[in-house]
Amino acid sequence: MRNSIAYPDVVPILSPGRHRSPRRGACFMEFASYLAGERWSDHPACTNGTLAHLARMVNDRTSAAGRARLTPLIPTVVGLTSDDPMLDVMLALRAASAALPIAAEGRQRSQAVAVHVALRALAERDDELAADLRESAEAALRAAPGADAWAIQFIERVGPGRARMTARQSRDIVTGAVDGIAGACGGDPDEGLVALLHAAVSDAARFVSATRVGTDSGVDVADGSMAAHGAERAVRSAAEVTPSPR
């Protein structure tokens with residue numbers, strides 16, 4: 001993948017779920033695997049696992065019209081991967097912070113707990129991205145003071161647990177956040193889900209640019225950026241296609 005990018009013979013149309021081949025359609029990450037020249041899969045190696053999990057969930061929970069708006073983002077996730085578990089934490093915090101102010105009351109408490117847990121895991125990180133995420137998380141907590149107070153009491157009662165978070169915990173938080181945004185009572189769920197994925201991709205790009213100088217496959221940040229730029233041409237026409245729900 002170092003100096004080449006795979007261009008599909010047929011442009012897949014985004015639709016929910018898994019697909020056997022591009023001719024049957026594609027979810028967000030299947031399309032990304034195709035552009036990266038990997039084996040057709042919704043779990044490609046070219047993208048961080050938590051970011052890929054978020055992309056799959058957003059792909060499946062948006063409407064057909066909303067899903068079409070995701071297409072320009074697909075090439076940008078190619079090469080966004082890192083072995084640093086802090087990226088998973090940051091993505092989880094971004095997702096929970098986005099969901100907390102707009103989720104239904106029954107879901108706000110769990111999202112507030114997730115925000116506090118992720119903030120604790122992020123406590124020793126001192127860079128611009130971490131500062132931005134803390135700011136958005138604190139704003140989310142202020143927007144839901146009742147859930148914030150409940151979360152603080154809950155954590156005091158059960159104990160804070162370990163300061164570190166696993167990738168699985170991060171992805172569980174992402175799952176709850178996407179469900180919370182998709183089930184929000186007011187506003188446009190598609191708008192919230194698309195905005196969340198945009199923000200998460202931006203966070204991951206900033207993280208990778210700041211911390212990664214190369215990967216085991218030999219693809220560095222510059223190569224990943226070039227590949228994403230080239231792949232954008234392959235999906236530009238698909239951005240205007242409104243897929244039919246499966």
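Mentor: Helices here are DSSP runs of H or I with at least four residues, strands are E runs of at least two, and both are numbered from the N terminus. I155 lies in one such run, helix 7. This is a predicted model, where local features need pLDDT of at least 70, side-chain atom pairs count only at pLDDT 80 or more, and totals for chains, interfaces and linings use all residues. Residues are numbered from 1 along each chain as its sequence is written, and side-chain values use heavy atoms, leaving out hydrogens and water.

Trainee: How many helices and strands are in the chain?

Mentor: The chain has 10 helices and zero strands. From the N terminus, the elements read α-α-α-α-α-α-α-α-α-α.

Trainee: Why is D42 called buried?

Mentor: Buried means under 20% relative accessible area, exposed means over 50%, and partly exposed lies in between, with a 1.4 Å probe and protein chains only. D42 has 10%, so D42 is buried. Its place is the loop between helix 1 and helix 2.

Trainee: Why does F154 count as partly exposed?

Mentor: The relative accessibility of F154 is 27%, so F154 falls in the partly exposed class. F154 sits in helix 7.

Trainee: How much of the chain is buried?

Mentor: Of the 246 residues, 51% are buried. The accessible surface comes to about 11,700 Å² (Shrake-Rupley, 1.4 Å probe; for residues, only the protein chains shown count as cover). Carbon and sulfur atoms hold 50% of that surface.

Trainee: What makes the pair D42 and H43 a polar contact?

Mentor: A polar contact is a pair of N or O atoms within 3.5 Å; within protein, one must be able to donate a hydrogen and the other to accept it, and residues adjacent in sequence count only if both atoms are side-chain atoms. The D42 and H43 contact runs side chain to side chain, at 2.7 Å.

Trainee: What happens at the start of helix 2?

Mentor: A side-chain oxygen of N48 comes within 2.9 Å of the backbone nitrogen of T50.

Trainee: How do you know that the span of helix 2 is close to the expected one?

Mentor: The expected span is 1.5 Å times one less than the number of residues. Helix 2, residues 49-61, has 13 residues; 18 Å is expected and 18 Å is reached, first C-alpha to last. Helix 5, residues 105-121, has 17 residues and reaches 25 Å, close to the expected 24 Å.

Trainee: Which residues of helix 5 are buried?

Mentor: They include Q108, Q111, V113 and L119. Helix 4, helix 6, helix 7 and helix 8 are among the cover.

Trainee: Which residues does I155 touch?

Mentor: Contact means heavy atoms within 4.5 Å. Leaving aside residues up to four places away in sequence, I155 touches V113, H116 and P160. The C-alpha atoms of I155 and V113 are 7.5 Å apart, though 42 residues separate them along the chain.

Trainee: Why is A140 called buried?

Mentor: A140 has a relative accessible area of 4%, so A140 is buried. It lies in helix 6. Beyond four places in sequence, A140 touches S97, L100 and P101. Its C-alpha is 5.7 Å from that of P101, 39 residues away along the chain.

Trainee: How many residues has the largest nonpolar core?

Mentor: A nonpolar core is a set of buried Ala, Val, Leu, Ile, Met, Phe, Trp, Tyr and Cys residues joined through side-chain atoms within 4.5 Å. The largest has 63 residues, and F28, L51 and L197 have the most contacts inside it. Helix 4 gives the most to this core, 10 residues. L51 touches V77, L80, L91, L197, A200, V201 and A204, residues up to four places away not counted. In soluble globular proteins, nonpolar side chains tend to be buried together.

Trainee: How many disulfides does the structure hold?

Mentor: A disulfide needs two cysteine sulfur atoms within 2.5 Å. The structure holds zero. C27, at 2% relative accessibility, is buried. C46, at 4%, is buried too.
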